[in-house]
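Good morning. I will take a few minutes to walk through one protein model, and you can follow along on the screen.

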Amino acid sequence: MAEKFDNLEEHLEKFIENIRQLGIIVSDFQPSSQAGLNQKLNFMISGLQDIEKCRQQLHEINVPLEVFEYIDQGRNPQLYTKECLERALARNEQVKGKIDTLTKFKSLLISELSKVFPEDMAKYKAIHGEDAPS
């Protein structure tokens, strides 16, 4: 899979360089540079075709829109992954805390209910297989 990305990156770099050179030719255009301009335009067309071929190889890749927002804001798109992981870890800690709290509550509830309703809780434990303290 990495070679597909490397191939795309190589074609994009060539395309960008071709556009840079095209900009230089256009900014200092002289009638004598028409042949060079035509050649660069043809290179640009073939570069777009090469990029299109790469796109077909990578059609199953989906990029979250937030990544493009990071790029538009001039931020490193790798920060998106880092921040997603940090949010996931924080959310995981929150959920783990809730699970721990509910587990303790369930244990305490079964314990207290067993004191008040011993027969009913014995039936409950037999049905549900609860290993809570009596």
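**A walk through the model**

Let me start at Lys96, which counts as partly exposed because its relative accessibility is 45%. Please keep in mind that this is a predicted model.

Lys96 has a partner. The residue forms a salt bridge with Asp100, and the closest N and O atoms are 3.1 Å apart. Both residues lie in helix H4, 4 residues apart, which is about one turn of the helix. Asp100 is partly exposed too, with a relative accessible area of 33%.

Helix H4 also holds Lys115 and Glu112, 3 residues apart, again about one turn. These two form a salt bridge as well, with 3.3 Å between the closest N and O atoms. Here Lys115 counts as exposed, at 55% relative accessibility, while Glu112 is partly exposed at 38%.

How many salt bridges does the structure hold? There are 7. One of them joins Glu52 and Arg55, where the closest N and O atoms are 2.7 Å apart. Those residues sit in helix H2, residues 34-57, and because they are 3 residues apart, about one helical turn separates them. Glu52 is partly exposed, with a relative accessible area of 32%.

Now to the aromatic rings. The structure holds 1 aromatic pair. Tyr70 and Tyr80 form this pair in an edge-to-face arrangement, 5.7 Å centre to centre, with 80 degrees between the planes. The pair links distant parts of the chain, Tyr70 being in helix H3 and Tyr80 in helix H4, which covers residues 78-116. Are these two tyrosines buried or exposed? Both Tyr70 and Tyr80 are buried.

Next, the surface. Phe5, Ile61, Val63, Leu65, Phe68 and Ile71 form a nonpolar patch there, with about 550 Å² of accessible area together. Helix H3, residues 65-72, gives the most to this patch, with 3 residues. Phe5 is found elsewhere, in helix H1, residues 2-27, and is partly exposed at 38% relative accessible area.

A word on the cysteines. The structure holds 0 disulfides. Cys54 counts as buried, at 2% relative accessibility, whereas Cys84 counts as partly exposed, at 24%.

Last, the overall layout. The protein is divided into domain 1, residues 1-61, and domain 2, residues 63-133. How far apart do the C-alpha centres of the two domains lie? The distance is 50 Å.

That is the end of my part.

Key. Residues are numbered from 1 along each chain as its sequence is written. This is a predicted model: local features need pLDDT of at least 70, side-chain atom pairs count only at pLDDT 80 or more; totals for chains, interfaces and linings use all residues. Side-chain values use heavy atoms; hydrogens and water are left out. Domain bounds come from an automatic or database domain assignment. Patches are made of residues with over 30% relative accessible area and no salt bridge: like charges are joined within 9 Å, nonpolar side chains (Val, Leu, Ile, Met, Phe, Trp, Tyr) within 5 Å. Accessible areas come from the Shrake-Rupley method with a 1.4 Å probe; for residues, only the protein chains shown count as cover. A salt bridge is a side-chain nitrogen of Lys or Arg within 4 Å of a carboxyl oxygen of Asp or Glu. Helices (H or I, at least four residues) and strands (E, at least two) are DSSP runs, numbered from the N terminus. Buried means under 20% relative accessible area, exposed over 50%, partly exposed in between (1.4 Å probe, protein chains only). A disulfide is a pair of cysteine sulfur atoms within 2.5 Å. Rings of Phe, Tyr and Trp (its six-membered ring) pair if their centres lie within 6.5 Å; planes under 30 degrees apart count as stacked, over 60 as edge-to-face and the rest as tilted.
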